[in-house]
Amino acid sequence: MFYAPPIREVRTEEEVGGKGGPTQTNVTYAYFGTFAISLSDNEISGVRRIWADGKLVYDVSDTADSAAQAASSLFANYMQVYTGTETQMPDPTMESDLGAGNVPAYRGTAYVVFTDLPLANYGNRLPQMQFEVTNGESSNTGDEALMPQSVGNWSLAGVGPVHADGKITTYWVGDVAYSSLSAALLALQAKVAAEEPQYGVPEYFLGWSTGTNPVPNVFEGGATVADNPQFVYYHYASATPEVLSNDPTPGDFLYCSVLSDAGATVSDGKVYWFKLYPNELFQLRPNEATGNPYPEGFVFSNSCTNYPDAGGYFPVALHTKVHSIKVERTPSCSQTCAVGDPRDIGIAQLPDNPSFCISRDGVISFNARGDVEAGSFLQLTDLIYEDGVLLTNALGPVLRSTDPLNTSGYWTAAAAAAGVPGTYPVDFPIAKSTACVDYLSADSLARGTVYLSDIVKDVCERAGMVASQFDVSELTDVVDGYVVARQMAARGAIEPLQRAYYFDAIESGGKIKFRKRGRLPVIDIEADDLGASDNEKPTTLVSTTRTQEAELPARINVAYMAKDADYQTGAQSALRMTCESQQVIGVELPLVLSDQKAAEVANVLMYTGWASRSQRTFSTTRKYAFYEPTDVVRLPRDGMLTPVRLVEKTEAGGRIDWVAEDDGPSVYAPNVTAAPVAGGQLIRFDGPTMVELMDIPMLVDDTNDPGFYAAAGGYRPEWRGGQLFRSADDGATWSAVEIFNTPATIGYALDVLGTFAGQNTVDELNSVQVTLYRGELTSVTREQMLAGANTALLGDELIQFRTASLVSGLTYRLSGLLRARRGTEQHMGTHAINERFVLLSPTTTHRIAQLSSQIGQPAAYKAVTLGQPLSSAMQDDFTNTAAGLKPLAPLRLAVIPLGDGTHRARWERRTRFSAEWRDGVDAPLGEAIERYEVEVRSGEDVLRVLAVAAPSPGEWPSVDLAGLAAGNTVTVYQMSEIVGRGFPATFTV
């Protein structure tokens, strides 16, 4: 770490108050760290993984799943990696602190700068950081993928065309643009009425067509157009006895032979469509007023003509003008998910992280985003234009005009590869195009390939050697990781590599050669060539010196950085089962090894130690002067040839003295099985928090306050909690409201729950199917349900359920229902598919305190997953009306005529509170005083509002109303001193 200004402290004050009591100031502190860490004095490709205080927090390795990638992209918001290029510039965070021009670019040094990293998860101190860096390639280099601009198909649905991608952007009536179909239709009606007043306001929508067919080619009722227009046309005409035609040259009349037989006359009120070839006349709409029996599209005649002298033909007036609405769409590019709430749209972008999507069941996926981009793109095309606007285009490759592939040969091959007859003309054009630019969502870094030769070469060069002074060509092993933790001699840096990768170094031919062990013998030394001496005295051909067994290892333990266990220290052992030695040797290697490789190293070290206990000494003539240490030769011994590795060579005149150790290729390829080292981490990605804000009647009596209820949970099973924040200034500032540590059981309805008139009896007629995001539902007994178990919010109706039958997965069928709990009967008829379901458990349903001054004030809320930034949460706009303080709708409202022209409205009071049913004791009032408002309406007009005081003891509340008429409505509200009107009860006279 070479840069670390003081930790930044953020102090937040919040005024809070509860249940009408005095307010107080809560002060909270948050801490953020900014610092820079050097990673390497060589250029790197990037950072693959990061551990903070031993916990994996960042993983973009090629084995990371999409959830880990999503979590990593959030962490990456706090850091900037500099890979050590020769063009990198100074870091702006450091410059803003130290001053422009005072910060070097550190070119040739890879480093990372963290800016305002939240420290709450690290004890509000800077964490210990570990990094995995690589020179590996990225799976996504960041280059965009260019694709043809998508146009897609139109289809008829309802009153008009709907495009496949739903991107209708403009409706044109003449040269005036409208943003909605309804506005355009009204404008077209007015236009036709003004231009052709003899026909009045047009009544019929006749059909729509593509831009290349400016007359109706689809009858009302629906069809699909096979081509790909950018424009379609709506057609309007009056209910006249005229004919729409695509014949550009007819006179004023069209003559068809059988029209009179069919009852078609010049004033029959029908609308026809004439197709020039094959001269067919179609009826577009039946005349319902006259009971015309012919269906839409009925062919009246196939022998119409423009010539009046044709005998037996009946004339019909020809209407040559078609009034149209042109519908324009903007071609768009594919996108896996859009901004929104996955509970509403099924799959949506992660907030503040548009490269990823989350589905309503918590699955994280990459968001293949695309944007329409104009520019110098070239496209293999078969285009149709109208008025200079693209109508259709054949899909084909797209290149930037500067692309090296932009050659005639490439385009010829591309046209041939399309292979669809008729897709491209013979002389295919290469046209400039607006392209879809698809930006791939996430990069992943492969583990780098660093060769042993690269490391040894680097060590030699650091020691002052040049390339001509050493040879590393045999060192082809791939090294997963190597640490030089302190300053040391070059020999000390190379020795750990020699132990793990089995090579030696020898000076030969004026350079140092690094040569691998396990070589095949290069020559057999003949017995006659052994025993060379400077005199005639006989010598021993081969002398053998053996190390005492007690000095050899019985066990070798190799410690290493485990490749698959987040570089924790791993240990592998080799044991010699039958020996007199008790020596245990520990070998610590500053290398990243797989468990299998470390086990092999332990065994190789064990058996090379035992094999080399026998040291062979012999002398030869200069016949063998070509050979040198590290070569493997075979010596004659006991009638056999034994492979030995030459380790020393001494030249003495005509004699060469050798020292060798037993060796063989099999020693370096042991057949062992490693003991796996546990400990590899996966990033825990909790994902976003879902929250349900519930403005509903109070569930228990001690919540008689202006607050509301909230329940929260996660889309993913890893979710461990969230915090609710509130903003009253449109997101400028946020204050913490509540913490959720236990996930609520939240889901959505798969069908519509019907209404029920049985009041407090169990609804055995209806049931509803719900799917949960997480959790489970259980059945209860009738007695448990009556005691309050299995209370839930479905839409806005409070229900209870006795039976939860598992359908599959997280889907249940709920039956045995108590309906309209706590006075929510007004919501019984509002149910819909996909509406919310929340199980209202005391442990997961939180009461959010509010001041009475906040009632009715809109506010923004964010439920933030613990440990994630505020920007990672979706915003919910919510207005609390304090439904828990609203008096319930009166019961048994009746309006009774009194016989003198007046009516008496009477009703029964209800209470918001739980009330025991005891003789002689009325239900608690629940309000400061008992009073009501009675509103009389005629349609939408309010005729009068009356204030009604509390009734005399033992009587029902009532009021006499004069002048009521049939159809008038009488609505009664019980009044609250805090929120005013309660829920209404309505009676229609």
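Contact, in this report, means heavy atoms within 4.5 Å. Helices (H or I, at least four residues) and strands (E, at least two) are DSSP runs, numbered from the N terminus.

This is a predicted model, in which local features need pLDDT of at least 70, side-chain atom pairs count only at pLDDT 80 or more, and totals for chains, interfaces and linings use all residues. Residues are numbered from 1 along each chain as its sequence is written, and side-chain values use heavy atoms, with hydrogens and water left out.

## The whole protein

The protein has 10 helices and 65 strands. Of its 989 residues, 44% count as buried; buried means under 20% relative accessible area, exposed over 50%, and partly exposed in between (1.4 Å probe, protein chains only). Among contacts between residues at least 6 apart in sequence, 67% join residues at least 24 apart.

Now find helix α9, which covers residues 595–611. How far apart are the end C-alpha atoms of α9? They are 24 Å apart, which agrees with the 24 Å that its 17 residues should span at 1.5 Å a residue. The expected span is 1.5 Å times one less than the number of residues.

Helix α9 is mostly covered, with 12 of its 17 residues buried. Among them are Ala598, Val601, Leu605, Met606 and Trp610, but Asp595, Lys597 and Asn603 are also buried. The buried residues of α9 pack against α8 (490–501), β38 (553–562), β39 (569–575) and β40 (583–593).

How do α8 and α9 sit against each other? They pack at an angle of about 90°, with their axes 8 Å apart. Axes here are lines fitted to C-alpha atoms, for helices over the stretch in contact, and angles run from 0 to 180 degrees between N-to-C directions. The two helices α8 and α9 are therefore roughly perpendicular to each other. For reference, angles under 35 degrees count as roughly parallel, over 145 as roughly antiparallel, 65 to 115 as roughly perpendicular and the rest as oblique. On the α8 side, the contact is made by Arg499, Ala500 and Tyr501, and on the α9 side by Lys597, Val601 and Leu605.

## The nonpolar cores

A nonpolar core is a set of buried Ala, Val, Leu, Ile, Met, Phe, Trp, Tyr and Cys residues joined through side-chain atoms within 4.5 Å. In soluble globular proteins, nonpolar side chains tend to be buried together.

The largest nonpolar core here has 37 residues, and those that touch the most other members are Val456, Leu497, Tyr501, Phe503, Phe514, Val558 and Leu591. At least two residues of this core come from each of α7 (452–462), α8, β38, β40 and α9. Which helix gives this core its largest share? That is α9, with seven residues.

Leaving aside residues up to four places away in sequence, Leu591 touches Val479, Gly481, Tyr482, Pro496, Leu497, Ala500, Tyr501, Tyr560 and Met561. A second, separate core of 34 residues includes Ala70, Phe685, Ile696 and Val838.

## Strands that pair

Two strands pair if DSSP finds at least two bridges between them. Three strands form an open sheet in the order β31-β35-β34, with mixed pairing. Its edge strands are β31 (470–471) and β34 (503–508), each of which pairs on one side only. Helix α8 lies across β34 and β35, running at about 120° to β34.

| Strands | Bridges | Opposite residues |
|---|---|---|
| β51 (791–794) and β52 (797–808) | four | Thr791 and Gln800 |
| β52 and β53 (811–818) | seven | Ala804 and Leu814 |

β51 and β52 form a hairpin with two residues between them, and Gly795 in the turn has a positive phi of about 65°. β52 and β53 also form a hairpin with two residues between them, where Gly809 in the turn has a positive phi of about 55°.

Most residues other than glycine have a negative phi. Asn124 is not a glycine, yet it has a positive phi of about 55°. Asn124 is in the loop between β6 (110–118) and β7 (129–134), and counts as partly exposed at 37% relative accessibility.

Asp730, also a residue other than glycine, has a positive phi near 60°. Its place is the loop between β47 (722–727) and β48 (735–740). Is Asp730 buried or exposed? Asp730 is exposed, with a relative accessible area of 72%.
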